[in-house]
Amino acid sequence: MKFAVVVFPGSNCDQDCFYIIKDVLKRPVKYIWHKDTALDGVDCVVLPGGFSYGDYLRTGAIARFSPVMNAITGFAKKGGSIIGICNGFQILLEAGLLPGVMLRNRGLHFICKPVYIKADNNQTRFTNLYNIGQVLKIPIAHNEGNYYIDAKGLKELKDNHQVVFRYCSAAGDVNDRYNPNGAVDNIAGITNKKGNILGMMPHPERSSEIKLGSTDGYFIFKSIIDWLENKKTC
Amino acid sequence: MLRPDIYHSLGLSDKEYLQVLKILKREPTNTELAMFSVEWSEHCGYLCSRKWLKILPKTGKYKTLIGEDSGGIIIGDLAIVFKMESHNHPSQIEPKQGAATGVGGIIRDIFTAGARPIACLDSLRFGPLSQAYNKYLIRGVVDGIQFYGNCVGVPTVGGEIYFDQSYNGNCLVNAMCIGVTKKDKLMRARAFGAGNAIMYVGSSTGRDGIGGCSILASHEFKEGEEKRPTVQVGDPFTEKCLIEATLEAIATGYLVGIKDMGAAGLTCCTSEMASAGNSGMDVELQAVPRREKKMEPWEVMMSESQERMLVCVKKGKEEQIKKLFLKWDLNASVIGKVTSDGLVTIRDNGKIVARINARALTKAPVYAMPYRKPGYLRKLDKLELNRIPAPKDYNKVLLKLMAAPSIANKAWAYEQYDHMVQTNTVVLPGSDAAVLRLKGTNKAIAATTDCNSRYCFLNPYRGAQIAIAEAARNLVCSGARPAAVTDCLNFGNPEKPESFWQFKNCLEGIADACKSFKVAVVSGNVSFYNESPKSAINPTPAIGMIGIINDIDKACSQNFKQEGDTIILLGCCRQELGASEYLKEIHNLNMGAVPRLDLELEQAVQRTCLEAAEKGLVHSAHDCSEGGLAVALAECCISDKEKMIGANINKLSYGMRPDALLFGESQSRIILSCSAGSVEKIRKIALKFKAPFCIIGKTAGRVLRILNDTKELIYLPLEYLNEEWSGSLKKKIEG
């Protein structure tokens, strides 16, 4: 299977994602420039973190108009696998590929630190190697990670099991004390209804090697590889 | 003849103006006058400092590289390039943009050397947080660093934040950047080869920052001056694109040289690149991309607009390079060519507006400044210990010190910085030094910044030596071999002999200590005129030091790792309370003898720590600095908030004042923890290097307990210590 990492001007986790896929997971991966119009035989697209277009105007607001987004939307419609991390998540929201919006962190500060998230759903192609309720230590690094969706939207997300990750304590308690940014219902990551697109604020590529203190993020990439290579059905 | 008030207002003296006339053999044009004024400003020309900078060692145990705008060392086939630079005055006026553009500038100095920037550190100093303006400053500066560094994708992995009365009215913002490249990809800031193209790349030119370096950085602050328009505005998004485009351009092999347009902008770039390449340059200003209309030639030459660079490109390859920058939506415009006449020729629509010998323009006069030992030293040296009352409750003192802003945990700041992007940060901020892996190797580098400016105020020579010693100590505590130094020398007005004496003595201290450790000073920056209307800052030679870890798995951090480990103290505790944080915070005294520094003892302690770490015998290592033994032990206990481990220190036996034992800042001390099985092995290493070795207790429980003989001095649950240490800075800044 083949990965692609999209590079927008201002992406800054593109090389980190590339490194994890190529050197840690040992799978083929290529960069796709934001002005490209075709994905060419890719199985999974990663929209990396960073500050696409400087996040000027609003996070992800300009990137969604990049030429490559047409190809990505088409790929999504055909059921292709897409992971948006941090700024990539924000771009997917702006592009309407995932529901909801992102507000500034409630403390009005950028926050970079390891946090705990709980895997609420292991029936997705991105999370099939986790146990339900498993607590993962994965860092966040963002200014706008305060996920918001209205009550109706939230109910829909829950009814369809689209909430994949929620912020929690080391012991797995999900409550406001362990909500770093004010996100609705402690939401850290969601999928679309079809389950082929994942958006998450924490950075799994920063917790995929023992040297960096945690390998909990590794299994997101590994799940998708297993799913695609073994044609698991989730 | 030009009226003296005109060139005086640009900062040129009568004598300097006469020299300009001698070089040109005629009256200067407006543009030429502007060019001389910025090139010969203290900030760009190092007029006062150059004579003394020569004493710093340029070689050490690692092979060094000294470039025009940065320096570094060679490790195998890799070059590690790094430099620290000040942005003090802009930050005092406009903290967010001042700090942001400081970060942007230092990052450009690194990637124009051909290296990918992999980490930044920031050494910051402010006046007391009891004053509202200082809170505004620290918030703004931290905001500026996060705004720029996070977006540009270079992790901010460390640094320091100190508070002292002397920075009231003149904060210090020193930014350091580290980059890595293959050694054959290194670039120099040179233009040569007649006919090669001179290209301007990056943002367009506006009127921002005109005179920033010559006016702002080369004079002290006076009451009520409006200088905000001289501060530039940063655009980290453009810089991120510039990094990628520049590294791609360098990879083509078509570049001859490249230089950041920092202080003094186009003036500095044209004249210094030509001079460094033994050539001349002919440049047409109409080809310079602009964002403002009707700019005068001298304004274009003086502008300090950010995110711009000058590139010398091999003849015939201009289009390929242009295409590369256009891909990133960046300007790239051929503005001239290299000549062999040694002259910088500047044209406006073909008409020559300046023509100066490049070598002469870049060779600013050197001054031998007079110096004199300041009178305050005699008065402050005498500390009568028996006049200082012994505290009744040492627990209270320790808690107060843990909450002192200079000691308290700095998570409030570093959690606002992306310190993990690029996924190299192996030891995160909050330990003695940051550790970064070098991908593709088994090696890592450690980096730290250090300077205790109170020591430097009370004894500049020893204070500067201690800054070097402590930086090296922080590195060995991380398991790294001290390798090379960059310095950012912040001082007051060099025209005042007392101030210059501080500068000279600090430099001698740095030079002597570096020679002892066999580390070279590969890059640096001088910032004078750090004075408010009330006083000068403490002399602050901030030291940035890089160390090498040969086996990344042996990297070490300061927090205790497990219960039941043996705690070892390397070094000696002496009765030394002078110049301590304890005297300042508890007794409100800023005086006394600076702790002794015996470089042989220091080396013995450091070699022991390093060898023990490299052999994998050590679980944690932490040096004793501000707040002494008690604060260092407390930090070992609580640095890892998720896994706090207490200590029972029951083997101390010192016949001295308890406050001196607990809080005195004797140098050359390191606290190690290790499993019982490693103790004898470490003792043998200590014996070999003749380092004082002492088992002082064991890790245990959730309490820090310190006894001297049988007398219990400290008994504190870790939660109490953590509350003061972790919460206080945020409370003082935001509360």
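**Close-up views of aromatic rings and of chain B**

**View 1. A lysine of chain B and a tryptophan of chain A.** The charged end of Lys327(B) sits over the ring of Trp33(A), at 4.8 Å from the ring centre; a charge is said to sit over a ring if NZ of Lys or CZ of Arg is within 6 Å of the ring centre and within 35 degrees of the ring normal. The model is predicted, and local features need pLDDT of at least 70, side-chain atom pairs count only at pLDDT 80 or more, while totals for chains, interfaces and linings use all residues. Residues are numbered from 1 along each chain as its sequence is written, chains are lettered from A and ligands numbered from 1 in the order in which they are written, and side-chain values use heavy atoms, with hydrogens and water left out.

**View 2. An aromatic pair between two chains.** A search of the whole structure gives 20 aromatic pairs over all chains, where rings of Phe, Tyr and Trp (its six-membered ring) pair if their centres lie within 6.5 Å, and planes under 30 degrees apart count as stacked, over 60 as edge-to-face and the rest as tilted. Trp33(A) and Trp328(B) form an edge-to-face pair, with 4.7 Å from centre to centre and 70° between the planes. This pair crosses between chains, joining strand S2 (residues 29-33) of chain A to the loop between helix H13 (318-327) and strand S11 (331-339) of chain B; helices (H or I, at least four residues) and strands (E, at least two) are DSSP runs, numbered from the N terminus. Both Trp33(A) and Trp328(B) are buried, a word that stands for under 20% relative accessible area, with exposed for over 50% and partly exposed for in between (1.4 Å probe, protein chains only).

View 3. Phe147(B) counts as partly exposed because its relative accessibility is 22%, whereas Tyr148(B), at 0%, counts as buried. The charged end of Lys96(B) sits over the ring of Phe147(B), 4.6 Å from its centre.

**View 4. A cluster of rings in chain A.** One aromatic cluster is formed by Tyr130(A), Phe165(A), Tyr218(A) and Phe219(A).

**View 5. The setting in chain B.** Chain B has 26 helices and 26 strands, and its C-alpha trace spans about 85 × 55 × 45 Å along its principal axes. Of the 735 residues in chain B, 66% are buried.
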